[in-house]
Amino acid sequence: MQYFSPSGLNPLAKNVVFVIDISGSMSGQKIEQTRQAMFTILSQLRATDSFNIVLFNGGTDQWRSSASLATSENIKEGKAFVDERVKAGGSTNINSALLQALELLTNTANKPNSPIAGNFPMVLFLTDGAPTAGETNTKTIRTNVYSKNELKASIFSLGFGFNLNFDFLTALSAENGGTSRRIYPDKDATSQLEGFFDEISTPLLLRVRFEYPKDIVDDTSVTASEVSQYYEGSELVVSGKIKEGVSSRVMAVNVRGISSNNSNTTYTVSRTLQNLAIPPNKVLIEDFTERLWAYMKIKQLLVKLLVTDDWMEHAQLRSEALEMSLQYNFVTPLTSFVVVESDSHDVIETYSGDNVVFNTAVSRWLSSPAGWRILLSGLAVLSLFFTVVRF
């Protein structure tokens, strides 16, 4: 495991387009929470940052024709736009809104001698539903957005509530250098929105790449070693396996990225490989490092599974993720989890692939009259099928 959290870097100026869903389904508490969160988020922008706002329902409505620096006056006017225009009604045209946001970012980047042309481009996209107007095929929307995103702007997707296609948002962000997050519709939804922006508000490095010595590290085992950006207050974690029979005790790792002023930055970290003898009473989780590696690997395989369009690659990724899930006993969208409570309160857990398979102990229990009575009463048998796992 390698944990990477450099300090002493200057923040990168960013150019943010806020893409906000104001369709009818956002009415009530959600639209009010979004409005309040935007007031706080706009206040957090730095003076070197630039921003614009795109609102969408069946159509789109943008604040300005081009990005504006985050001066106190511009922030005040941006808040006034939000206060006046963020009102719910209409359908949901996601495709047009995202393409418009990318066009605004491209126009800013192509302006010669503009003080904000080099700002790090990013989209903060908030929606609570599936596309219902314009292009409604989510695969086509992803293709359109990826093709339009020539700047490689990072798209961060926030899914409000549960009546939406969150897999679509996850794939959309993964393809465009961002991440997705579900916002739970509760009283603290405003703080969830503000908290997410706070996490990504201070980019320090772009296009971070970890380079491990090929004679020591097994390349095929390494988790994601290229990251679109690194933010202040966060930590990058990479995990992998040392090759069998490695005699070298020292491993040098190069970490490269782009910092402020578009300068290339390289960190070289050398570590001594050693076997650590940990007393049994200090071990909290058996094989913790290996299980953390497996968790990270499965998580990345599941994201790739959402993104790929190649059926052979899809089958391979699914098989690999399923095999690792079963090996390390992780509940994932590819596995099922069954809990059966008997008269003696014994719990039997069974993991499988697409179908739940009861083992012989469960079969014997169900064969008894008492077991069937409990089963039919529905009071002592609880089956939990997890179709979505939040990593």
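Predicted model: local features only at pLDDT ≥ 70, side-chain atom pairs only at ≥ 80, totals over all residues.

Trainee: Why is phenylalanine 156 called buried?

Mentor: Buried means under 20% relative accessible area. Phenylalanine 156 has 1%, so it counts as buried.

Trainee: What makes phenylalanine 156 and phenylalanine 196 an edge-to-face pair?

Mentor: Here is the general idea: a pair of aromatic rings is described by the distance of the centres and the angle of the planes. Rings pair if their centres lie within 6.5 Å, and planes over 60 degrees apart count as edge-to-face. The structure holds 12 aromatic pairs. For phenylalanine 156 and phenylalanine 196, the ring centres are 6.1 Å apart and the planes are at 65 degrees, so the pair is edge-to-face. This pair links distant parts of the chain, with phenylalanine 156 in strand β7 and phenylalanine 196 in helix α6, 40 residues apart.

Trainee: What makes the pair of phenylalanine 210 and tyrosine 212 stacked?

Mentor: Planes under 30 degrees apart count as stacked. Phenylalanine 210 and tyrosine 212 have 10 degrees between their planes and 6.5 Å from centre to centre, so their aromatic pair is stacked. Phenylalanine 210 and tyrosine 212 are both buried. They also belong to one aromatic cluster with Phe4, Tyr230 and Tyr267.

Trainee: Let us turn to charges. How do you know that glutamate 32 and arginine 35 form a salt bridge?

Mentor: In general, side chains of opposite charge can pair when their charged atoms come close. For a salt bridge, a side-chain nitrogen of Lys or Arg must be within 4 Å of a carboxyl oxygen of Asp or Glu. Between the side chains of glutamate 32 and arginine 35, the N to O distance is 2.3 Å, so they meet in a salt bridge. These two residues are three apart in helix α1, which means that about one helical turn separates them.

Trainee: What makes arginine 85 and aspartate 61 a salt bridge?

Mentor: Their N to O distance is 2.6 Å, and the limit is 4 Å, so the side chains meet in a salt bridge. Arginine 85 lies in helix α2 and aspartate 61 in strand β4, so the pair ties together parts that are 24 residues apart in sequence. Arginine 85 has 36% relative accessibility and aspartate 61 has 25%, so each counts as partly exposed.

Trainee: How do you know that aspartate 309 and lysine 139 meet in a salt bridge?

Mentor: The N to O distance given for aspartate 309 and lysine 139 is 4.0 Å. The definition asks for within 4 Å, so this pair is counted as a salt bridge. The pair links distant parts of the chain: aspartate 309 is in the loop between α7 and α8, and lysine 139 is in helix α4, 170 residues apart. Aspartate 309 has a relative accessible area of 53%, and exposed means over 50%, so aspartate 309 is exposed. Lysine 139 is partly exposed, with 44%. Salt bridges that share partners also join Asp61, Glu84 and Arg85 into one network.

Trainee: How many salt bridges does a search of the whole structure find?

Mentor: The search finds 12 salt bridges.

Notes: Residues numbered from 1 in each chain as written. Heavy atoms only, no water. Helix = DSSP H or I, 4+ residues; strand = E, 2+ residues; numbered from the N terminus. Buried < 20%, exposed > 50% of the residue type's maximum accessible area, 1.4 Å probe, protein only. Phe/Tyr/Trp six-rings, centres within 6.5 Å; stacked < 30°, edge-to-face > 60°.
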